[in-house]
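Notebook open, structure loaded. I'm jotting down what I looked up, from the whole chain to single residues.

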Amino acid sequence: MYTRFAKFFYFLSIGLFLFVFLYAYASMPDFATYEQNSKGLPVKQLSKESFFYFTVILFFVFNVLLVIPGKMIEMKGSNALHRLFPVGDSFRDRILAWIYSFIGVLNLCVSIMVFYIHSLTNQNEIRNTEYNVFFYLVPILLAAWVIGLFLLLVGKMKQVKTGTV
């Protein structure tokens, strides 16, 4: 059941990323600013095309590389993973939910970073100080999901140790 919610969140995060990315790219001038000085003037910039390719490659790599373990567990692609997470095991559903929700969190983090770069680039539209909270949300979300993974792995190790796999 958790897996369905996590997959829904994952697909929702893909839609959010596409919306934010296409909006930011469409309203971007020839260069994207990713660092400013204290006066708000651009210090480091990236061309619009480089920003597009870098962001798309980052998004694609996150999604493809991290979906593979989840699909291997679901499709029984590996005997070792199938023995560790057999069908009907409570940890199978939890680890699949964690994998898909983690990819969703990464997509959300990339969306936040794209929106932050958009706010830096278009100072006349959006002030970046209004959205600093979202930028600080990225490490908090990632830390929470990594702690969740460790808790899942500790529970699975206890299950394997007692022999109830």
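I started with burial: of the 165 residues of the protein, 36% count as buried, where buried means under 20% relative accessible area, exposed over 50%, and partly exposed in between, with a 1.4 Å probe and protein chains only.

Housekeeping before I go on. Residues are numbered from 1 along each chain as its sequence is written, and side-chain values use heavy atoms, with hydrogens and water left out. This is a predicted model, where local features need pLDDT of at least 70, side-chain atom pairs count only at pLDDT 80 or more, and totals for chains, interfaces and linings use all residues.

Fold. I find five helices and two strands, in the order α-β-β-α-α-α-α from the N terminus. Helices (H or I, at least four residues) and strands (E, at least two) are DSSP runs, numbered from the N terminus.

Surface and contacts. The protein exposes about 10200 Å², and carbon and sulfur atoms supply 71% of that area; accessible areas come from the Shrake-Rupley method with a 1.4 Å probe, and for residues only the protein chains shown count as cover. Among contacts with a separation of 6 or more, 68% are between residues 24 or more positions apart, contact meaning heavy atoms within 4.5 Å.

Helix H4. I picked two residues here. Ile 112 lies in this helix, which covers residues 90–121. Ile 112 counts as buried because its relative accessibility is 12%. Not counting residues up to four places away in sequence, Ile 112 touches Phe 134, Phe 135, Leu 137 and Val 138. I also checked Ile 112 against Phe 21: they are 91 residues apart in sequence and 9.7 Å apart in space, C-alpha to C-alpha.

Leu 108 is also found in helix H4. Leu 108 has 23% relative accessibility, so I logged this residue as partly exposed. Leaving aside neighbours within four places in sequence, Leu 108 is in contact with Ser 13, Leu 16 and Leu 141.

Which residues form a nonpolar patch on the surface? I noted Tyr 53, Ile 57, Phe 60, Val 61, Val 64, Leu 65, Ile 68 and Met 72, with about 760 Å² of accessible area together. Patch residues have over 30% relative accessible area and no salt bridge; like charges are joined within 9 Å, nonpolar side chains (Val, Leu, Ile, Met, Phe, Trp, Tyr) within 5 Å. A salt bridge is a side-chain nitrogen of Lys or Arg within 4 Å of a carboxyl oxygen of Asp or Glu. Ile 57 lies in helix H2, residues 48–74, and counts as exposed because its relative accessibility is 53%.
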